Amino acid sequence: MSREVMEYDVIIVGGGPSGLSTAVKLKQLNPDINVCLLEKASEIGAHILSGNVFETRALDELFPNWKELKAPVETKVTKEKFLFLGKEKSLSWPTWLLPKVQQNHKNYIISLANLCRWLGEQAENLGVEIFPGFPASEILYNEDGSVKGVATQDMGLDKDGSKKDSFEPGIELHAKVTVFAEGCRGHLGKELINKFELSNGKDPQQYGIGFKEIWEVRENNHDEGLVMHTAGWPLDKNTYGGSFVYHAKNKQIYLGYVIGLDYQNPHLSPFDEFQRFKTHPAIKKTLEGGKRISYGARALIEGGIQSLPKMYMPGALLVGCDAGTLNMPKIKGSHTAMKSGMIAAETIIEHIKENKKLSIYEEKFNNSWVYKELHEARNVKPSFSWGLILGILFTGIDQILFRGKLPFTLRHKHADHETLKMADKMPKIDYPKPDNIITFDKTSSVYLTGTNHTDNQPVHLKLKDPELPIKYTLEKFDEPAQRYCPAGVYEVQHENNLPKFVINSQNCIHCKTCDIKEPSQNITWVTPEGGGGPKYGNM
Amino acid sequence: MKILVAVKRVIDYNVQVRVKDDNSGVVTENVKMSTNPPDDNAIEEAVKIKESGKAKEIVAITVGDEKAQETVRKALAVGADRGIHVKVEGVIEPLAVSKILQKIVDKEKPDLVFMGKQAIDDDCNQTGQMLAALLNWPQATFASKIEVKDKTLEVTREVDEGLETIEVNVPAIVTCDLRLNEPRYASLPNIMKAKKKPIEQINASDLGIDTKPRIEQIKVEEPPKRKAGIKVANVEELVQKLKNEAKVI
C-alpha cells in the first residue's frame, strides 16, 4: 500500500531537550530550512521525566536571553547535602569534599517537562512544525542503504492488527537528514545502532532506572533551593544507585531514586527499593504531613563515553541519550543532550549548504565541552562495579585528585541483561507492605501517571518467543519483569495451577526497562498508537 | 444544511485531577488539556453528515481563553470548514455560553447546532438545553444515533430506561452521547491544512453579554476517601449489616 509522503529538509524524532535544541538551532542558523519534529506523547513534555538539577551552559548558548524569554528555570540551588544512609542512621558528607562535578551551587532546580514545553514554544515561534501524538514507528531507507526518513504509526488498528472504522494510515516523511532524539533506548535508535554497527569497538551500554515522585510538603519541612543526594541504604553494597531530594518552588519536593540496571539479584524490585527508601527517618520526616502528587519512571543512560556509539550514519544522526550523552557522576544529561543537538544542527547546516559529510558531527562533538566533560567522568561508573566502598574511594582519587585525568579508562564488561544471577542462588527480599501514606503500591502509583493506551490496539510490547517467560525466565530468574517494571505491566498469573504470563500493556509508562533488562532480550518495546502513554505534568 | 458544532477545552480525561491547596478550584497549570470527549463525537457526526452530502458547511465554535482555540483547530483538522473563537477570560457558566451561542446562531443561521451532552469538567449538562430554550428550537439530548431526513431529524436518545427515538424539526439542537460514533484521528497532512483554515476571533464583551458567574463557588474539596470493604459470612449477615449499619434497606 502506498502511503502519503511529505518532504522536509530535516525530520527530528522526539521532542525532548536534544530534539528541541536541534530544531531551535537549525532555525536560528537558517530560518528558511524546513524542520518537522515528531513526538509520541499527546503534547510536548508529557513523556519527559527528570530530576532535575539543571546546568544552564547549553541553554546559555542557545538562548543567551532565556531569562527575558521567561524560561521556566527559576529555583536556584541554595544549599547542598550528601548523606550516606545506614538502616536507621545517616552520615552527612561535607560538600566541599565532594568532587567538583557533584557541586551544584550554580545550577537550578527545574521541571524538565516544563522546560521542554517552553523550548517547544520557542521552536514553534521560529517556524518548526511540531506534531505531538505522532510516533515515528518505522525507519525508511534509500536504495543505497542510507536513511531516507521515517513513517508514522498507523492509527486505528485493533488487537489483531485489522483496521477499525477510525483507521488512519501512517504517512512517510522524507528528509535530507533525519535526527533521532528518542531518549534513552529509543526503539528506532536501537535499530540504527544495530544496522549500522554503530557500537562496534565500544563497551556495552549501561542503563539505570530512575523513579520520581513529586510531593507537596508542609511549609516547615520545605527549604526551597535545597539539593540533597543519598547513597547506601536500602541498596546492598553491590548495587549501584542513590536518591535525589530537590526542594523546588510551591512547597514541592522532587524526590527520586536511580538504580543501575546491572543489578544481579533477580528478586530485587527497583520500585520497592524506592518506596522503602522513603521510610528512612532522614527522609520520612520531610514527607510527613505531605501529599504525593505525581509518580513516574524512566530508564536512563549510564555508560558514558566508553559506551557512546558512533552518532552519525548515512542520512541520519543520533542526538542526546538516543546515543547516550548523559554525564553519570554529574547526574545530569539535559545540558549535554541539548548541546549534542545544537552540534547536530550545525553539522546539518554545513552538510546541506556546503555538502560536507555528516561525519563532521563526530569531530565537532569531540572538540566540544560535552566530550571533555564525558571524558573526565568516564571512570566513575565502572569503578562502582567493585562495590560502593571501593567505588567511592576510587572516585575520590579520580575526581578530586586527578580531576578525571588518570591515564587509563575502566571498561564496562557486561550488558545489563547479562548480569542477573539465578533466582535460587540469590536471597529473596522481603519488602514491607505499603502504608498508603509514605509508601504506595504500583497500582495507585501508575494511576498518578495518567497513562492510558486506547483499548483494542496491538500490544506494543512484543515477545520474540511467547513461551520463554514461563518456560525459561520464570524458572531461572523467577520472571524478574514482574519486579523491574515500574508500572505493573508484567504479571505471572495462575490459571488452573498453571502459570500464565500476562502483559497489561495499557499500563506502560514508556520507561523501556523491559527492553533493556530482560535476560534473553525477549521483550521489544515498539511505539503504541500516538498520544498513548503517561501524561506527566511538571515532571 | 449548515451545522454549528460547539467544543470545549477541558482537562484531559486521563489526568488525575488535583484540588488546589487553598480549595479555590483544581490545578490546571501544566496539566494536559483536550477537547471534551463527547464534543469529539459531535464533530465526528457533523463530518459524517457532510460526507454523506447532507450538509454543506461545518463551523466549529469554542468559548474560552486564548488556548481554547486549540480545540477549534483540532475540529478543523478532522473536517470542520472554519472556526469561531469567542474569547472570555476566567470562569464562564453554561448560561453565559448559551447566550453567546444564541448570538452566534443569530449571525450564522445554522440549521443544526451540535455539542457534547455535557462537559467532563463541571458535568453541568445544561448548555444545549438552555440554548434550545433561548432560541425556542427543538432539542434532542443524549443522541446515540442521528438520521437526517427531509427537514427533520430522527434521533435515538440514551435515556435511563433504555433508548428513545424521537423526531425533531430542523432547526434543532442535538447534544451527543459517547455512543454516537467513534471519532476519527486527525491525520498529519490534515493538521497541516487545518493551520491554514480561518478562525474568526470575537470578544465576548463585544457581543454585549454579561458573562459574570451567577453562582458563587465557596470551596472545592476532594471526595472523602472510601473506607475499606468488609467480608460477610452469609446473606443474613449482609442483610443485617445493610439494615442496621449502612441503613440502606
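**Conventions**

The model is predicted, and I kept to its limits: local features need pLDDT of at least 70, side-chain atom pairs count only at pLDDT 80 or more, and totals for chains, interfaces and linings use all residues. Residues are numbered from 1 along each chain as its sequence is written, and chains are lettered from A and ligands numbered from 1 in the order in which they are written.

**Entry 1: domains of chain A**

I looked up the domain assignment of chain A, which gives domain 1 (5-67 + 113-202 + 309-377), domain 2 (75-111 + 205-302) and domain 3 (416-427 + 440-525). The bounds come from an automatic or database domain assignment. I then listed the contacts (C-beta atoms, placed from the backbone, within 7 Å). They involve 20 residues of domain 1 of chain A and 24 residues of domain 2 of chain A. On the domain 1 side, β3 (53-54) and α3 (112-125) of chain A are the elements that give two or more residues. Helices (H or I, at least four residues) and strands (E, at least two) are DSSP runs, numbered from the N terminus. The most comes from α3(A), with 3 residues. By class, I recorded 11 nonpolar, 6 polar and 3 charged residues on that side of domain 1. Here Ala, Val, Leu, Ile, Met, Phe, Trp, Tyr, Cys and Pro count as nonpolar, Asp, Glu, Lys and Arg as charged, and the others, Gly among them, as polar.

**Entry 2: α1 and α3 of chain A**

I followed α3(A) to its packing with helix α1 (residues 17-29) of chain A, where the angle is about 20 degrees and the axes are 9 Å apart. Axes are lines fitted to C-alpha atoms, for helices over the stretch in contact, and angles run from 0 to 180 degrees between N-to-C directions. The two helices, α1(A) and α3(A), are therefore roughly parallel to each other. The classes are under 35 degrees for roughly parallel, over 145 for roughly antiparallel, 65 to 115 for roughly perpendicular, and oblique for the rest. I noted the crossing of α1(A) and α3(A) as left-handed; that is, the near helix is turned anticlockwise from the far one by less than a right angle, whereas clockwise would be right-handed. Residues making the contact include A:Leu20 and A:Val24 of α1(A), and A:Cys116 and A:Leu119 of α3(A). The contact has 8 nonpolar, 3 polar and no charged residues.

**Entry 3: a sheet in chain A**

I traced an open sheet of 7 strands with mixed pairing, in the order β6-β5-β15-β16-β17-β14-β18 (chain A). Two strands pair if DSSP finds at least two bridges between them. At the edges stand β6 (90-93) and β18 (291-301) of chain A, each with a single partner strand, so one side of each has no neighbour in the sheet. The twist averages 20 degrees from one strand to the next. Strands β5 (residues 79-85) and β15 (residues 226-232) of chain A run parallel and are joined by 7 bridges. Within this pair I found A:Lys81 opposite A:Met228 in β15(A). Helix α5 (residues 270-277) of chain A lies across β14 (207-216), β16 (241-247) and β17 (252-260) of chain A, at about 135 degrees to β17(A).

**Entry 4: a sheet in chain B**

Strand β7 (residues 139-148) of chain B runs parallel to β10 (residues 172-176) of chain B, with 3 bridges between them. The bridge partner of B:Gln139 in β10(B) is B:Ile173.

**Entry 5: α3 and α4 of chain B**

Helix α3 (residues 94-108) and helix α4 (residues 127-135) of chain B pack at about 50 degrees, with axes 9 Å apart. That makes α3(B) oblique to α4(B). I recorded their crossing as right-handed.

**Entry 6: chain A against chain B**

Last, I counted 23 residues of chain A in contact with 16 residues of chain B. The largest share of the chain A side, 3 residues, comes from β12(A).

Technical notes. Contact = placed C-beta atoms within 7 Å.
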